[in-house]
Amino acid sequence: MKLSQLPIGKKGIIKEFTDLEMSVKLMEMGCLPGEEISIQRIAPLGDPIAINVSGYMLSLRKREASTIILQ
Amino acid sequence: MKADLKVALVGNPNTGKSTLFNVLTGLNQKVGNFPGVTVDKKTGFCTLGDGRRAEIIDLPGTYSLYPKSKDESIVFSVLADRSNDLNPDLVVVILDASNLKRNLLLYTQVADLKIPVILALNMMDLADKAGLNINIDLLSQKLGITVVPISARKAEGIEALKQAISFANAFALQEDTIDVAQLAPQLISSIREEIEVDNNYFALQLAHQHEYLQFLSPQQNGRIETLEEEYSFHSQKSQAIETIARYNFINDVLFDVVTRKNHFAGEESYSNKIDQFLTHKIFGFVIFFAILMFIFQAIFSWSAYPMTLIEDTFTWLTITLHQLLPAGPLTNLLLDGVIAGLSGVLVFIPQIAILFAFISILEDTGYMSRVTFMMDRIMRKVGLNGKSVVPLIGGFACAVPSIMSTRTIENWKDRMITIMVTPLITCSARLPVYTLLISLVVPNRNVWWIFNLQGIAMMAMYLFSVISAVIVAWVFKLILKSRERGYFIMELPVYRMPRWKNVGLTMYERSKTFVIQAGKVIIAVSIILWVMASYGPGKRMAQIDQKYSNASFTGKKSATELQHLKATDQLENSYAGILGHAIEPAIRPLGFDWKIGIALITSFAAREVFVGTMATIYSVDGNPDKLDSVLNKMKHARNMETGLPVFTFAVAMSLMMFYAFAMQCASTVAIVYRETKEWKWPAIQFAYMTVLAYGASFITFHLLK
């Protein structure tokens, strides 16, 4: 399942990434394989989204969230 | 001033790095430029306990040494390049204690460069609130370095940090973090030989970043490129492997350093509760627009009094000095050229200070990133960024501080587009011009009971400016080639109270930077314009003097009337007047005569000068409180040849279109140069705006004629 498909409030575990360049940036920001991740809220206009990962809140666009594959 | 020790501050964004910098250096700081990038170089001095002076360098906040933009590459350049005059003897890495894991990534990278390093652990209170226990001694022992808990906000632990800085070793004693050599063994050893570097991680970073680094010669760059191909080095794969290895190391370190407090209820954080309101589907936007309106109002109304005060002081100074100093060209140059130019620079300070006070508060509290979060979707469509909203709204007051504020936009392309379109927004300097022209041709009566026609016309101009800014932004989005991929991976920091001292320092810093860096250009331009408008070919000016000393001409006219008439003659025969005549063929298709041509030229100092120039041309008092006299003269102005009125509806509308689009503001040109560091950008902006102005005026004139 892609992160972009995770319902709000549900928790997931990061498995892998589909985009290498994006994955480097995401991992630097603490989105690592094995890390617990959840969607906190969606922006009022439907995009971007705010996620909780490694103890803080991160916002990213849905297109970017779709490169994160969950277990 | 010579420093005994150079200390660089490095850390993630939102860790309180700038606050720490302000606490360490106070007002004793200087903002300069890093060559070739648009990041401010902030340095300052701090006296240590042992009496030595340390130079503190505030490096841009970053999550990693791998740059996502040219600006971010500064951090590695400064740390790595021994010949850089900012190359530090010691690095202080500042960490957010509530998120040690992510923050330590940058530390492990810096540590592997083998520069002496100490850790400043900020926001211990937040970590405590989040239910985290941090064993500082154990952390220090595991990493092999000094760790100092501080609170930059409350200025606690600063003395201990200063002491740690003065006790720091000249050698790097930190433990190794990961096995760097193993990431690309042959490549690293080859680069170490070729470029003569003594550190594995430095060599590896050169492989990743060599094309950004200015200290490498083209030959060295070429060699690294060849070596990379030889060993089929893949930069992103290597970065991914390295990052995972670093996080493994960090997990090992933190395993027994950070422990969760027992029975800590995972209650919803206060930040989350605030977010439910501030990023709410409806309230979110209502609150945001209320804040914007408030800022907009504040820039307009709060700045009115200090701006008048500055202008009045300078007018008084000019009058007084004119009486004190001997009359002559030198006095005129000093008073009417230089001092008037200086006044034109200082008058911006209130607006700059107010806008930056608000921006500083919005950034400090964490609200700015929510604005980006909410607005991203709409703004992205036209090539702008969520953060572009604030500069664009600020543009209604003045483009100058707004363009300075685009620094908050990290993405290069988004920032450039914002800078490019901000001057299109109807700024307060256009207001007197529109007021004059609208009251000239639009009847002052109501339609549909409540709507005043003049009011509608004015509102239409405001709306029109927003629409044109959006369209132009969209066009630039298609044209500009981005150097970076359009990421939107952004931390949403927890809400915090603004730090008032930071707000004050930002206001001071921004105003100072503007006066020093843009001021030079503005003063130079206003002196040139003044000379052009006051001097002309010698013979012509002598003839005017003669004319007005001739009793048969001056005979029955009053002194004021004579003064006005003489000023008109002088302006017409000045270089600006001659230029106005010269450009007449070019502007005739827009419906303008040479008199308007003169006003277009003098308006380059500032748009509102249009009104004053019109007054001088029509020999009336240019006092802005008595617009009626200018208005009256302009209404009755007739074309010499045809005898028809000059300011028809078509001409006035065409003129308004010209003012809506033309880049008639030397200050904006100066600030765009200062913010982009290249003359190319203000030149492009000037060109496209002039073309648009000409086109819009031409079409308007011919449609309405």
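User: Helix H3 of chain B: is it enclosed or open, and what tells us?

Analyst: Count its buried residues. In H3(B), 13 of the 13 residues are buried, so the helix is largely enclosed by the rest of the structure. Keep in mind that this is a predicted model.

User: What length does H3(B) reach, and what is expected?

Analyst: H3(B) covers residues 100-112. From first C-alpha to last it reaches 18 Å, close to the 18 Å expected at 1.5 Å a residue. After H3(B) comes Lys114(B), with a positive phi near 60°.

User: How many residues of helix H2 in chain B are buried?

Analyst: Eight of the eight, across residues 73-80, so H2(B) is largely enclosed by the rest of the structure. Among the buried residues are Ile74(B), Val75(B), Phe76(B) and Leu79(B). Ser73(B) and Ser77(B) are buried too.

User: What covers the buried residues of H2(B)?

Analyst: The cover includes strand E1 (5-11), strand E5 (90-96), H3 and H8 of chain B.

User: H8 also packs with H7 in chain B. How do I read a helix pair?

Analyst: Two packed helices are described by the angle between their axes and the distance between the axes. Here H7(B), residues 185-195, and H8(B), residues 200-209, pack at about 95°, with axes 9 Å apart. That makes H7(B) roughly perpendicular to H8(B).

User: Which residues meet there?

Analyst: H7(B) brings Leu187(B), Ile188(B), Ile191(B), Arg192(B) and Ile195(B). They meet Asn200(B), Ala203(B), Leu204(B), Leu206(B) and Ala207(B) of H8(B). The contact residues divide into eight nonpolar, one polar and one charged.

User: Where do the buried residues of helix H13 in chain B pack?

Analyst: Start with the general idea. An α-helix has 3.6 residues a turn, so residues three or four places apart point the same way. In H13(B), the buried residues are Thr331(B), Leu335(B), Gly337(B), Ile339(B), Gly341(B), Ser343(B) and Val345(B). They pack against helix H12 (283-324), helix H14 (349-365) and helix H21 (500-534) of chain B.

User: What span should H13(B) have?

Analyst: H13(B) has 18 residues, 329-346, and should span 26 Å at 1.5 Å a residue. Its end C-alpha atoms are 24 Å apart, which agrees.

User: Where do Glu196(B) and Ser232(B) lie?

Analyst: Glu196(B) is in the loop between H7 and H8 of chain B. Glu196(B) is exposed, at 71% relative accessible area. Ser232(B) is in the loop between helix H9 (218-230) and helix H10 (235-254) of chain B. Ser232(B) is exposed as well, at 63%.

User: Is the peptide bond from Asp47(A) to Pro48(A) cis or trans?

Analyst: Cis, with omega near -5°. Pro48(A) sits in the loop between strand E2 (36-42) and strand E3 (49-53) of chain A.

User: Last feature. How many disulfides are there over all chains?

Analyst: Zero, by a search of the whole structure. Take Cys398(B). Its closest cysteine sulfur, in Cys427(B), is 6.4 Å away, too far for a bond. The cut-off is 2.5 Å.

User: Are Cys398(B) and Cys427(B) buried or exposed?

Analyst: Buried. Cys398(B) has 8% relative accessibility, and Cys427(B) has a relative accessible area of 6%.

Note on methods: Residues numbered from 1 in each chain as written. Chains lettered and ligands numbered in written order. Predicted model: local features only at pLDDT ≥ 70, side-chain atom pairs only at ≥ 80, totals over all residues. Heavy atoms only, no water. Buried < 20%, exposed > 50% of the residue type's maximum accessible area, 1.4 Å probe, protein only. Axes fitted to C-alpha atoms, helices over the stretch in contact; angles between N-to-C directions. Helix = DSSP H or I, 4+ residues; strand = E, 2+ residues; numbered from the N terminus. Parallel < 35°, antiparallel > 145°, perpendicular 65-115°, else oblique. Contact = heavy atoms within 4.5 Å. Nonpolar A, V, L, I, M, F, W, Y, C, P; charged D, E, K, R; others polar. Expected span 1.5 Å × (residues − 1).
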